[in-house]
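Colleague: I have a model open and want to learn to read it. Can you take me through it step by step?

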Amino acid sequence: MIRLKTKIPGPKSLKIIKQLKKRNGGWSVSYPFVHAPGGEGACCEDIDGNRFLDFGSQIASNPLGYNHPGLLEVLRSYQGSTPVKFAGQDFVIREHLDMIEKLAGIAPKGLDSAFLINSGAEAVENAIKLCMRKRPGTKFGISVERAFHGRTLGALSLTNSSRAHKRGYMRFPMLRLPFGDRAVERLETILETEAYPEEIGFIILEHFQGEGGYRIPPEGMVKGLYKIAKNNKIPYISDEIQAGMGRTGKWWAFQHYGVVPDAFTSGKALQVAAVVANHKMFPYEKGAISSTWGGGHTIDLAMGMKTIEIIKKQKLLERNRRMGGYLLSGLKDIEGIQNQRGRGMMLAFDMPTRKRRDDVIIECARNGLLLLGCGTQGIRVIPPFVIEKEEIDEGLEVIRNAVKATSRKSFRHSGKIHDFIACGRSHA
Ligand SMILES: Cc1ncc(COP(=O)(O)O)c(C=O)c1O
């Protein structure tokens, strides 16, 4: 339950955030508070003693919420042993194999191997590298309008959700498909007029578009693109970094369409990142793909494996579908919001304008509810999988009140919160 002891930001948090702003190399801080170790379930705490209800799950990377007993147990088991990170592609730890086996166990048959790496963007980098390696005549890749695949330079070339991510950075050649059924026609035209299939390195798709606007690709789009990819032997990649690991109510978002990609990426909720594919997809020339830490972070790997185990044991996929349905119907009852949508625990709604969207996020935060923006005027609703019904009701009430308050002509933000909160401008 939400408990606010100070205005947001509280004085202790504000001091640290101001200092960080002066020295941090990048600036994409979304929320003006500093986490404290406490909290449980869907609620986190800050160093000023405030307790927030989290409908953002650390940008979908915290599926089991705060202080889950199963994860605390993993942490305890690692006490006192260092290093916690091994140079995992060069020196072997047991957890490396265990995680690959765990991933293969929740992947479609045939996707039996994985390359483990540090971040989502690096997983994307490596997914496209293995496709390119298979097709040495490759001239460009294909992604979708408003896609987000990460910010390293290769991944950034595929990303297309905000110009702020791209200004000033070089990119490699990409062709873009419109989002929706028209994508299929565009790909057919590309193949008729612009490129031979062997010149296309890969098609990459989020089977639930995240940062770009929480949009669910229509069936015709996915099936049509998949069919063309298969017929022309173009590698087909699913980016599951935000939507995967059960958030949509299935382990992987592509499973809603009955397609099996040549490779898929996972990250965020997995606690490490991975490219999963058939063994034959990977380049086994020594050093062709590698990194110091990939496959070597003992605690992250153990946390990720435990996360998979808990999702299975506590039947959280089924729970996400059920509780997500409850949350979505609650959102549909709120007047003044639009386009309530989603699958499982991956939900969103729109406000009529970008400004109204930002106002609602800020007003909710001021009242202890954490939300994240997406697209031009969307708000993500992505609580941890363990959220309870009463917490859903509490969050819905905060949203309802914020929508009402911000719709008044006389509405003005009060306090410093407005100076620090980023709304839809910086997440992933
Ligand atoms: C779909 C998708 N792909 C890739 C990324 C990049 O992951 P990371 O931030 O871990 O580099 C993100 C999010 O950040 C994402 O949502």
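Modeller: We go from overall shape to domains, then to local backbone features. Keep in mind that this is a predicted model.

Colleague: Start with the whole chain. How many helices and strands are there in the protein chain?

Modeller: The protein chain has 13 helices and 15 strands. Its radius of gyration is 21 Å, close to the 22 Å that the globule rule gives for 428 residues, so the chain is as compact as a globular protein of that length. The C-alpha trace spans about 60 × 55 × 45 Å along its principal axes.

Colleague: Which residues does the domain assignment give to domain 1 and domain 2?

Modeller: Domain 1 is given as 11–54 + 315–420, and domain 2 as 77–313. Their C-alpha centres lie 28 Å apart. The contact takes 21 residues from domain 1 and 23 residues from domain 2.

Colleague: How do I read the size of that interface?

Modeller: Interface size is often given as the accessible area lost when the parts come together. Here, domain 1 and domain 2 bury about 1,900 Å² between them, with 59% of it on carbon and sulfur atoms. On the domain 1 side, Leu 317, Arg 343 and Met 346 supply 41% of the area buried against domain 2, more than any other three residues.

Colleague: How many salt bridges does the rule find across the interface of domain 1 and domain 2?

Modeller: The rule finds one across that interface. Look at Glu 211 and Arg 380: they form a salt bridge, and their closest N and O atoms are 3.1 Å apart. Polar contacts across the interface come to 14 residue pairs.

Colleague: Which elements give two or more residues to the side of domain 1 that touches domain 2?

Modeller: They are α10 (316–332), β11 (338–343) and β12 (346–350). The largest share, four residues, comes from α10. By type, that side of domain 1 divides into 11 nonpolar, five polar and five charged residues.

Colleague: Now the backbone. What should I look for?

Modeller: Look for exceptions. Most residues other than glycine have a negative phi, and most peptide bonds are trans. In this model, a cis peptide bond joins Ile 8 and Pro 9, with omega about 0°. Pro 9 sits in the segment before α1 (11–23). Another cis peptide bond joins Thr 82 and Pro 83, with omega about -5°. Pro 83 is in the loop between α3 (69–77) and α4 (94–105).

Colleague: And phi? Which residue has a positive phi although it is not a glycine?

Modeller: Gln 58, at about 50°. Gln 58 lies in helix α2, residues 57–60.

Technical notes. Residues numbered from 1 in each chain as written. Predicted model: local features only at pLDDT ≥ 70, side-chain atom pairs only at ≥ 80, totals over all residues. Heavy atoms only, no water. Domains from an automatic or database assignment. Contact = heavy atoms within 4.5 Å. Buried area = accessible area lost by both parts, 1.4 Å probe. Salt bridge = Lys/Arg side-chain N within 4 Å of Asp/Glu carboxyl O. Polar contact = N/O pair within 3.5 Å; in protein donor to acceptor, adjacent residues only side chain to side chain. Nonpolar A, V, L, I, M, F, W, Y, C, P; charged D, E, K, R; others polar. Rg over C-alpha atoms; globule rule 2.2 N^0.38 Å.
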